[in-house]
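This report describes how parts of one structure pack together. The sequence and the structure come first.

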Amino acid sequence: MSRTDPNRRSRWVIKVGSALVTDNGRGLDHERIGDWVRQIVAARAQGIDVVLVSSGSVAEGVRRLGWSRRPKALHQLQAAASVGQMGVVQAYETRFQRFDVRTGQILLTHEDLADRQRYLNARVTLRALLELGVVPVVNENDTIATDEIRFGDNDTLAALVTNLVEADQLVILTDQAGLFNADPRQDASARLIRHAAAEDEALERLCSDAPGVLGSGGMRTKVVAARRAARSGAMTRIASGREPDVLQRIAAGEAVGTCLEPSREPLVARKQWIAGQLQLRGRLWLDEGAVEVIRGYGRSLLPVGVTRAEGRFRRGEMVTCLDPTNREIARGLVNYDAAAVNHIAGQPTGRIESLLGYLAEPELIHRDNLVLTDPVPPGDD
Ligand SMILES: Nc1ncnc2c1ncn2[C@@H]1O[C@H](COP(=O)(O)OP(=O)(O)O)[C@@H](O)[C@H]1O
Ligand SMILES: N[C@@H](CCC(=O)OP(=O)(O)O)C(=O)O
């Protein structure tokens, strides 16, 4: 479902930082985790689907291994992440279980989101989890990511996940009340910024480079994350995870923390984002019926409405959709490669599996991934 669908539940990505999750390195803060879980369960009942991005694996691993401080060597960080991640996911799973809500672990690397195929796979999995009512718990796959390919901080990862699932809002919970006009650790007179434009590059200059002892990005990566999230039209909220009922108050519309708003209207942002993502790799010709349901009702494109395909595109790449008179009506990310599309063109969805031997998706292009081309006024072509 796209952001414009009136029946759509809203979607938040909630990121929680290491210091919060591990009570400043003392160990997983089960009580606080339980409190966020309670609020997430309440938010879901109000129509908000949540993807959780949680840090804490390294900090918790360091503690479990009995080390006195965060190591510098990558192999030690990776070992700590491997040990600590067990505790992080277990803590969420245990708490959600009390509300009869399932969780699913997703560990991502930079490459998973840079490579189109893997990007699409991650997206499909996350969407499937949300449709099943599961709360995905995401972290970077620290155990295999090397220095060159690491996100390094979960603020960046959370922003990319926000774009990936087209979330309406990215909520970054941290150990400060929000973004201040100077680092409150260094300047006691620093004031909280309540509202700003996410694209405002001057915000970065307000952030000191130093993260907390346990965090890795500091405030700068949060501000940059807000800018990234704004590219797909999402708003970012930076707030304290220690504030009572913080998530519920945000859901109720209260001005908690710092609100970083995208300047562009979400649909415009979303269109530009899809269009800016990829090059056109192929063309699909649609029959009149498909043109009508896509234009008129914003439906997904099914194989039955396609007459033929041209180009050497792969799954996940962008194709243009043409009407029988060669006029472009939409662009979108296709779920099958060119050979497969030509094989299933004109066929009902129920036959995909027997024709190809597998079913990647029931749609050729899901409506979430389909951007209508502005209609050409009569006589204007
Ligand atoms: N302008 C600022 N406003 C708020 N915090 C700031 C600012 N500049 C730097 N910081 C620092 O960023 C820290 C939060 O970043 P970090 O430790 O990485 O948190 P997290 O673990 O939640 O990701 C704060 O504790 C604060 O000291
Ligand atoms: N993947 C790492 C994330 C480190 C990180 O970004 O921490 P933070 O700046 O506290 O969100 C971990 O789980 O320890």
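Ser57, Val58, Ala59, Glu60, Gly61, Val62 and Arg64 of helix α3 meet Leu77, Ala80, Ala81, Ser82, Val83, Gly84, Gln85, Gly87 and Val88 of helix α4; contact means C-beta atoms, placed from the backbone, within 7 Å. Helices (H or I, at least four residues) and strands (E, at least two) are DSSP runs, numbered from the N terminus.

The model is predicted: local features need pLDDT of at least 70 and side-chain atom pairs pLDDT 80 or more, while totals for chains, interfaces and linings use all residues. Residues are numbered from 1 along each chain as its sequence is written, and chains are lettered from A and ligands numbered from 1 in the order written.

α3 (residues 57-64) and α4 (residues 74-97) pack at about 95°, their axes 6 Å apart. Axes are lines fitted to C-alpha atoms, for helices over the stretch in contact, and angles run from 0 to 180 degrees between N-to-C directions. α3 is therefore roughly perpendicular to α4 (65 to 115 degrees).

An open sheet of 5 strands, with mixed pairing, has the order β10-β9-β11-β12-β13; strands pair if DSSP finds at least two bridges between them. β10 and β13 are at the edges with a single partner strand each, so one side of each has no neighbour in the sheet. β12 and β13 run antiparallel, joined by 3 bridges; Arg331 has Val371 in β13 as its bridge partner.

| Strand | Residues |
|---|---|
| β10 | 306-311 |
| β12 | 328-333 |
| β13 | 370-372 |

Note on methods. Parallel < 35°, antiparallel > 145°, perpendicular 65-115°, else oblique. Contact = placed C-beta atoms within 7 Å.
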